[in-house]
Amino acid sequence: MNPAIVIPTFHTGRGRRGSRNISQAYDHPTPLSKNGELPRCLQSLLKVRGIGQIIILVAADPGVEIQACEKVLNIASQFPALNIIVIGTPEHLLIQQRMEQLGLGKLGKEVGLSGYSAVRNLGLVVANVLGFDSVVFLDDDEVVDDANFLQHAMYGLGKLTPKGIPILAKTGFYFNSEGTYLSKSQDKWYNHFWQQGKAFNRWIEKAMRGPRLSRSNHVCGGCLALHKEAFKRLSFDPWIMRGEDLDYMLNLRMYGSDIWFDNKWSLRHLPPESTSEGTRFRQDIYRWLYEYRKMEYSRTQIDLLQVKPASLEPYPGPFLEPGIERRIRITAFLRSLARPDKRAYRKAAKAAKVEAAEYAQRNCAKYFEFQFIWPELMARMEGDQILRTALLQSAARSIAGADVDRLEQLAEAAGIDPGSTSEIRMNVEE
């Protein structure tokens, strides 16, 4: 197979705090003043056998997109042995304009550089345009130690199980800084109603004892391989705040497929410390309430398979059952009494009662509407020569110096009226 490695990277101009918008808050955004973990990740890929195209997606806070892209381009230039294409705001705008040309409309929220799922969808679109038959997602705060990492990633992908089931998506697992794949579960009194780590540990311990490939209840988004027959058919859900990787597994099941766990495929996950655990839990509140409502809504659709929490034991089934809203509220309140980030946890408790519930109710059907469009979008974009040429030419130039003339040349190469690139020029000039 011919896989592309896709690495999303997130940047902020506000230090480690990142965006104040809850839907655009990322766990570990890199400040513009620092290189962050991306160079370490790229350095680890130098030894990987058979490595080909690397696609780096640059997400950034509003107002610092161009600076973030310049920084990532500079980092990429330090690894001439790697074949890297950097996709930032200018390239994203060209992709959006090409989609409009092809009659696909404006899909900035669904395919873009804001939000975990939209960024992943953009990576899938780029890989599809460039003609790759598979995608391997990594995170920029990971390290690959195994020279045969890609061979392990491709093991079984596109093949049939002994029962004739196609393997179109698979995940590996992470080792953390302590050298274990188990969650650092906190068995504290304030987590009594929220035993997420324990539930995950029970699941993965069983999966590690099983055959190499087994049906998975969990997904590591930074160790995820997708066959084109999966990603051309199914997108990530742009309305989920976080946990888009696990959500993708649930979506696959609803649409009649699955993700497989490979207990021989791994890497190291070495994230920096998170600045606000309360904000992260607030996103988790939005995530689980949305997931619960979305699963409920899916059961009203005759063309979808029903996915029941009982089939997802011991994890994540308990987080998809009735009563999840009450458990969230109690946990947020208890943590607000005991954890350092008290104010954020109080906001989280409030969100559980009002904002997150309303968000889930308002948006739970939107993903399925987008799914009607996604296969057609991917079919029209597959191997698109005009956009392919524009992206490859874009990868060869430097954004530094506000290269407006070059952007107009790229637009012409893409068959776009140069006069329509005013939005791109504005972003570059800023």
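This is a predicted model: local features need pLDDT of at least 70, side-chain atom pairs count only at pLDDT 80 or more; totals for chains, interfaces and linings use all residues.

**Exercise 1.** Find how helices H10 and H11 are oriented relative to each other.

*Solution.* 
Step 1: Two packed helices are described by the angle between their axes and the distance between the axes.
Step 2: For H10 (residues 324–338) and H11 (residues 342–353), the angle is about 160° and the axes lie 8 Å apart.
Step 3: Angles over 145 degrees count as roughly antiparallel, so H10 and H11 are roughly antiparallel to each other.
Step 4: The crossing of H10 past H11 is left-handed.
Step 5: Residues that meet include Ile328, Ala332 and Phe333 from H10 and Tyr345, Ala349 and Ala352 from H11. Sorted by type, the residues of this H10–H11 contact are eight nonpolar, one polar and six charged.

**Exercise 2.** Now describe how H11 meets helix H12.

*Solution.* 
Step 1: H12 covers residues 355–363, and its axis comes within 3 Å of the H11 axis, crossing at roughly 40°.
Step 2: This angle makes H11 oblique to H12.
Step 3: Lys350, Ala351, Ala352 and Lys353 of H11 touch Glu355, Ala356 and Ala357 of H12.
Step 4: Of the residues in this H11–H12 contact, four are nonpolar, none polar and three charged.

**Exercise 3.** Check the span of helix H6, then find what its buried residues pack against.

*Solution.* 
Step 1: H6 (residues 196–209) has 14 residues, so at 1.5 Å a residue it should span 20 Å.
Step 2: The end C-alpha atoms of H6 are 21 Å apart, which agrees.
Step 3: Among the buried residues of H6 are Phe200, Trp203 and Ile204.
Step 4: The buried residues of H6 pack against strand S7 (169–175), strand S10 (260–269) and helix H9 (277–298).

Note on methods
Residues are numbered from 1 along each chain as its sequence is written. Side-chain values use heavy atoms; hydrogens and water are left out. Axes are lines fitted to C-alpha atoms, for helices over the stretch in contact, and angles run from 0 to 180 degrees between N-to-C directions. Helices (H or I, at least four residues) and strands (E, at least two) are DSSP runs, numbered from the N terminus. Angles under 35 degrees count as roughly parallel, over 145 as roughly antiparallel, 65 to 115 as roughly perpendicular and the rest as oblique. A crossing is left-handed if the near helix is turned anticlockwise from the far one by less than a right angle, and right-handed if clockwise. Contact means heavy atoms within 4.5 Å. Ala, Val, Leu, Ile, Met, Phe, Trp, Tyr, Cys and Pro count as nonpolar, Asp, Glu, Lys and Arg as charged, and the others, Gly among them, as polar. The expected span of a helix is 1.5 Å times one less than its number of residues. Buried means under 20% relative accessible area, exposed over 50%, partly exposed in between (1.4 Å probe, protein chains only).
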